[in-house]
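Welcome, and take a moment to look over the sequence and the model before reading on. We will walk through it together, one region at a time.

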Amino acid sequence: FDEMQFVKNPRTQRAIAAKGVQANFKIALTGTPLENRAQDLWAIVDSIAPGPLGAMSGFNRLFEKPGSERLERLRKALFSAPNHAAPLCQRRTKKEADPSIPGKVRRLHARPMPRVQEMRYDEARAKTGGILQVLQHIRRVSAHPGLVENELTNDFIGASARTEMTMVILRHIESRDERALIFVENRDLQSWMAELIKVEFDLAEVMVINGNTPIDDRRAIRQRFQRNREGERGFDVLLLGPRAAGTGLTLTAANHVIHLTRWWNPAVEEQCNDRTHRIGQTKDVRIHIPIAIHPKLGPASFDCLLHKLITRKRQIAEDVLAAT
């Protein structure tokens, strides 16, 4: 089974079908075995070799709020070989496969919200309704206030701290004559940013890959972006949806990744980064995360709280999967 993280919910038909395959020998392959919580690992193991991690209910009780000792126990259960048998899991990093692969450099770019964004953010916080609905509203305003109810400000870029910062980052990338991928979840923001970047940087076209892009078009866009211009370098930008383009694409022509909007899940974000950080990449990959700071809320701003959540989830995965 490839991309085995897709069975991380054991109650889905996909997971039930995978577990029901009759075979003498099963292998699960995944680059992101732990996406949200430790239960993801339990579901993968249960699909190919039920039993070693116990019942799901007991596992969930142990690792709902995992401490360092429990994570160490889980790591040993996965990677230690009892009685000289083969270990349940084996891990190989890209660095082990190719020691020459360049590194990844991450950078947060914090910027205060412009006045219009701050006002819309406050309006979103004051709204009544279900917590999830309010949260999604705040999340959307944190990306750009002009997207609320399809309203647009006169200065689209200047209305959002994140879009302002993205343009600053792109100007730096252009000065280095390098290429960038921009991951954006919202379809309307994808369209607007593609048009604005095209005009701002005098590009012939800025392509977008999202869930509506046919397979043949994806291939053509990838080939165009990856084109080998012998002896010639050139600034270029490609916009992508994180779910539609976070797997299955090699885009090593770029060595910059900008997360204009972020997914809740650090594993999905890492898969997006790895469109460029693949064997064949010759430059350090630079990952840029623009963050909008509410002037009064500061570290309690949505972007800061989301970054904290993503960092905590990533740390749990590293604690389980990293070498002892």
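Which residues are exposed on the other side of H13? They are Lys308 and Arg312, where exposed means over 50% relative accessible area, buried under 20%, and partly exposed in between (1.4 Å probe, protein chains only).

Before going further, a word on what you are looking at. This is a predicted model, in which local features need pLDDT of at least 70 and side-chain atom pairs count only at pLDDT 80 or more, while totals for chains, interfaces and linings use all residues. Residues are numbered from 1 along each chain as its sequence is written, and side-chain values use heavy atoms, with hydrogens and water left out.

Let us stay with helix H13. Names such as this one come from DSSP runs, with helices (H or I, at least four residues) and strands (E, at least two) numbered from the N terminus. H13 covers residues 302-321, and its 20 residues reach 29 Å from the first C-alpha to the last, close to the 28 Å expected at 1.5 Å a residue. That expected span is 1.5 Å times one less than the number of residues in the helix. The buried residues of H13 are Phe302, Asp303, Leu306, Ile310, Lys313, Arg314, Ala317, Val320 and Leu321. They lie on the same side of H13 because they cover an arc of only 125 degrees around the axis, the arc being that of the directions from the helix axis to the C-beta atoms.

Now turn to the interior. In soluble globular proteins, nonpolar side chains tend to be buried together. Here the largest nonpolar core has 23 residues; such a core is a set of buried Ala, Val, Leu, Ile, Met, Phe, Trp, Tyr and Cys residues joined through side-chain atoms within 4.5 Å. The residues with the most contacts inside this core are Leu170, Ile182, Met193, Ile197, Val237 and Leu239. At least two core residues come from each of helix H8 (161-175), strand S2 (179-183), helix H9 (187-200) and strand S4 (236-240). H8 gives the most, with 5 residues.

H8 is also the place of Glu164, which is partly exposed at a relative accessible area of 22%. From the C-alpha atom of Glu164 to that of Met207, 43 residues away along the chain, the separation is 20 Å. In the loop between H8 and S2 you will find Asp177. Although Asp177 is not a glycine, it has a positive phi of about 60 degrees, and its relative accessible area of 31% makes it partly exposed. Glu3, in the segment before helix H1 (13-20), is not a glycine either, yet has a positive phi of about 50 degrees. Glu3 counts as partly exposed at 29% relative accessibility.

Next, find strand S6 (residues 285-293), which holds Ala292. Ala292 is buried, with a relative accessible area of 0%. His288 and Pro114 are 174 residues apart in sequence, and their C-alpha atoms are 20 Å apart in space. In strand S1 (residues 104-112) there is Val105, partly exposed at 34% relative accessibility.

One last stop is the empty space inside. Rolling a probe the size of a water molecule over the atoms shows where empty space is left. The structure holds 1 cavity of 30 Å³ or more; on a 1 Å grid over the protein atoms alone, a cavity is a set of points where a 1.4 Å probe fits but cannot get out, and lining residues have an atom within 4 Å of a point. About 30 Å³ of space lies in the largest cavity, a volume being the space filled by probe spheres set on the points, which are joined across faces, edges and corners. Its lining is made of Pro242, His259, Thr261, Arg262, Trp263, Glu269 and Cys272.

Note on methods. On a 1 Å grid over the protein atoms alone, a cavity is a set of points where a 1.4 Å probe fits but cannot get out, and a pocket is an open set with protein on both sides within 12 Å along at least five of seven lines; lining residues have an atom within 4 Å of a point.
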